[in-house]
Amino acid sequence: QLQFVESGGGLVQPGGSLNLSCAASGGNVNSYTIAWFRQAPGKEHEGVAQINNGDGRNYYAASVEGRFAISRDDAKNTVYLRMNSLRPEDTAVYYCAATTRPESYGRNWNLPRWYDVWGQGTQVTISA
């Protein structure tokens, strides 16, 4: 059974960078569409980025486009989220999630209900 362990979160100043990792076990990440979500206190899960193994595209939320980059290392069975130019509003718990549902392709990529496997999350705090 596929499982994830996220790591790499922490406290950084605005304008800084972090690289989150999502290490998988029990399955191969290249067999799934993988996304990063985040959840700030009092808010719903927000889709941040997706690496889609169906259409071969990456998708990003408008709020992170140009600042964040999702990537995958098949040899390490790990998905990454590189985050640059961080802002206080990026503060949240970040989760990786996996799906094989075709409903997760295209404009619906950021809907949490299409994802079946979730990690435990890693806290990212952006503060001076």
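**Entry 1: strand E4 and its partner.** I looked up strand E4 (residues 33-39) and found that E4 and E9 pair in the antiparallel sense over 7 bridges. Strands here are DSSP runs (E, at least two residues), numbered from the N terminus, and two strands pair if DSSP finds at least two bridges between them.

**Entry 2: the source.** The model is predicted, and I kept in mind that local features need pLDDT of at least 70, side-chain atom pairs count only at pLDDT 80 or more, and totals for chains, interfaces and linings use all residues. Residues are numbered from 1 along each chain as its sequence is written, and side-chain values use heavy atoms, with hydrogens and water left out.

**Entry 3: other partners of E9.** I then followed E9 to strand E11 (residues 122-126), where the pairing is antiparallel over 3 bridges. Val93 has its bridge partner, Gln123, in E11. Strand E10 (residues 117-118) also runs antiparallel to E9, joined by 2 bridges. There, Ala97 is partnered with Trp118.

**Entry 4: burial of E9.** Why is E9 largely enclosed by the rest of the structure? I found 7 of the 8 residues of E9 (residues 92-99) to be buried, so the strand is largely enclosed. Buried means under 20% relative accessible area, exposed over 50%, and partly exposed in between (1.4 Å probe, protein chains only).

**Entry 5: two loop residues.** Asn77 is not a glycine, yet its phi is positive, about 55°. I placed Asn77 in the loop between strand E7 (68-73) and strand E8 (78-83). Asn77 is buried, with a relative accessible area of 14%. Ser85, also a residue other than glycine, has a positive phi near 50°. I found Ser85 in the loop between E8 and E9. Ser85 is partly exposed, at 41% relative accessible area.

Notes. Helices (H or I, at least four residues) and strands (E, at least two) are DSSP runs, numbered from the N terminus.
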